[in-house]
Amino acid sequence: MIPAAFEYHRPQDMDGVLAVLQEHGDDARVMAGGHSLIPMMKLRMADVPHLIDLQDVGGMSDIEVGTDTIRIGAMVTQADIIDHAALAGAAPILREAALQIADPQVRYMGTVGGNVANGDPGNDMPGLMQCLDATFTLVGSDGARAVKARDFYEAAYMTAREDDEVLTAVTIPLPSGGYAYEKQKRKIGDYATAAAAVQITKNGDTCTSVAIAMTNLSDTPIYSEAAGAALIGTTLDDAALKASVAAMLDDIDPADDNRGPIAFKKHVAGVILRRAIERAWSRA
Amino acid sequence: MSNKMHIKLNVNGKDEEFLAEPRELLIYTLRERLNITGPHIGCETSHCGACTVTIDGKSVKACTMFAVQASGKSVTTIEGIGGPDALHPLQEAFKEHHGLQCGYCTPGMITRATKLLEEIPNPTEEEIRFGMAGNICRCTGYQNIVKSIQAAATEMSAAKEAAE
């Protein structure tokens, strides 16, 4: 399991990173924790002639919990998310999801930026960020721009990020209400067979707002507006839950693979979404 | 094609300097270049944890890091935790409580467990199982691994109290 040879770059600042990206175009890839990219390089499924290690760049490892928004630097690890008390108070769904990603060793290395920028449909953070209506900051030689998580994913490993851009931060509006990240996986360390991220608010017994996103059930994460719309204004009775699940099933497009046939994945997706909604509602 | 790079590591307290291709994975540096063969290669795909080492206070799978990434950092392997003449309490506990059968996963298990007990000195069984989830054992069924870590935690806490 030896990757193909490559040139290693460890720039000290973002200008240095952008210079390498400018020079080598799509022959260069940035790496944060490397726990998605290195396995792909070892399998020779990713060909990376120029590897840019971001570890010395700095300025991307902070979690800032503000009054309206939360800003998470791209190099923040899953372990950092789990350990951050203020973040767990402000947006507990992040911790709940991070605890379900991979295993302890991988969570020390795996970063939020890598997880969202990679574009792997199996990654958990993209769907979660769509649920939370996060915005990604992309820095290129022309400066920075912002792209909504809900607009970022085009196909498996295809995103709105240009080859010469670096995803540097994720900004999340402070969530309110109940939350749940529910994930079905075959074993520790596995990607989801199906996962659902839900944030929900209520007024009395009536659902007033909800955001629902699904993971690993299409070649991109799926933000299902229709699944949410089926719940708003209801008391989350059985009919509303069934309508929401049906709407979600219309939006996903799972593939037949080693996690099961399409019918099974749709079944699991329905079970997982229902559990996530019920748990989020109980916390709202 | 690629140029060799000058890499500096501190491994178990000893400074090492060498030239290596960037694609050299840390596990091969340790085992084949430095002859530190405690960290094992089990799956080589980031799943099994047999290659676990500690780098700057984090448990890391050495099959999923290039040596050049670790350049400038401190690496601790099972050899740096304890040896035949002075076993670490975890090593002693794995021996006493049959925390191993074939022993292949054991260096990774114990290396990971040192870090777990740093973070949670007196873990519950659930915390042990969750904190050790990145290490796979195909012999023991984990029961005696959990017992060993619990026993070591008790021993280490008692020793710490006695010292204070």
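Author: Chain B averages a pLDDT of 96, where pLDDT is the predictor's confidence in each residue, from 0 to 100. In chain B, 99% of the residues score at least 70. The model scores ipTM 0.96 and pTM 0.96. Where pLDDT is low, the predicted coordinates should not be read in detail.

Some ground rules come next. This is a predicted model, in which local features need pLDDT of at least 70 and side-chain atom pairs count only at pLDDT 80 or more, while totals for chains, interfaces and linings use all residues. Residues are numbered from 1 along each chain as its sequence is written, chains are lettered from A and ligands numbered from 1 in the order in which they are written, and side-chain values use heavy atoms, with hydrogens and water left out.

Rings of Phe, Tyr and Trp (its six-membered ring) pair if their centres lie within 6.5 Å; planes under 30 degrees apart count as stacked, over 60 as edge-to-face and the rest as tilted. The count comes to 4 aromatic pairs over all chains. One of them joins A:Phe152 and A:Tyr153.

Are A:Phe152 and A:Tyr153 buried or exposed? Buried means under 20% relative accessible area, exposed over 50%, partly exposed in between (1.4 Å probe, protein chains only). A:Phe152 counts as buried because its relative accessibility is 0%. A:Tyr153 has 11%, so A:Tyr153 is buried too.

Follow A:Phe136 to a neighbour. A:Ala146 touches A:Phe136 and A:Thr135, leaving aside residues up to four places away in sequence. Contact here means heavy atoms within 4.5 Å. A:Ala146 and A:Phe136 are 10 residues apart along the chain. Their C-alpha atoms are separated by 5.6 Å. A:Ala146 belongs to strand β7, residues 143-148 of chain A. Helices (H or I, at least four residues) and strands (E, at least two) are DSSP runs, numbered from the N terminus. A:Ala146 counts as exposed because its relative accessibility is 58%.

A:Asp133 sits in the loop between α8 (125-131) and β6 (135-140) of chain A. Its phi is positive, about 55 degrees, although A:Asp133 is not a glycine. With 22% relative accessibility, A:Asp133 is partly exposed. A:Leu236 also has a positive phi, near 60 degrees, without being a glycine. A:Leu236 lies in the loop between α10 (225-229) and α11 (238-251) of chain A. At 11% relative accessibility, A:Leu236 is buried.

Rings in chain A also meet charges. A charge sits over a ring if NZ of Lys or CZ of Arg is within 6 Å of the ring centre and within 35 degrees of the ring normal. The charged end of A:Arg150 sits over the ring of A:Tyr223, 3.7 Å from its centre. For A:Lys202 the ring is that of A:Trp281, and the distance to its centre is 4.5 Å.

Now step back to chain A as a whole. Chain A has 12 helices and 14 strands. The C-alpha trace of chain A spans about 60 × 45 × 35 Å along its principal axes. Its radius of gyration is 19 Å, in agreement with the value near 19 Å for a compact globule of 284 residues. This radius is taken over C-alpha atoms, and the globule rule is 2.2 Å times the number of residues to the power 0.38. Of the 284 residues of chain A, 56% count as buried. Take contacts in chain A between residues at least 6 apart in sequence: 61% join residues at least 24 apart.

Chain B has 6 helices and 5 strands. Its radius of gyration is 16 Å, close to the 15 Å from the globule rule for 164 residues, so chain B is as compact as a globular protein of that length. Its C-alpha atoms fill a box of roughly 50 × 35 × 25 Å along the principal axes. Buried residues make up 52% of chain B.
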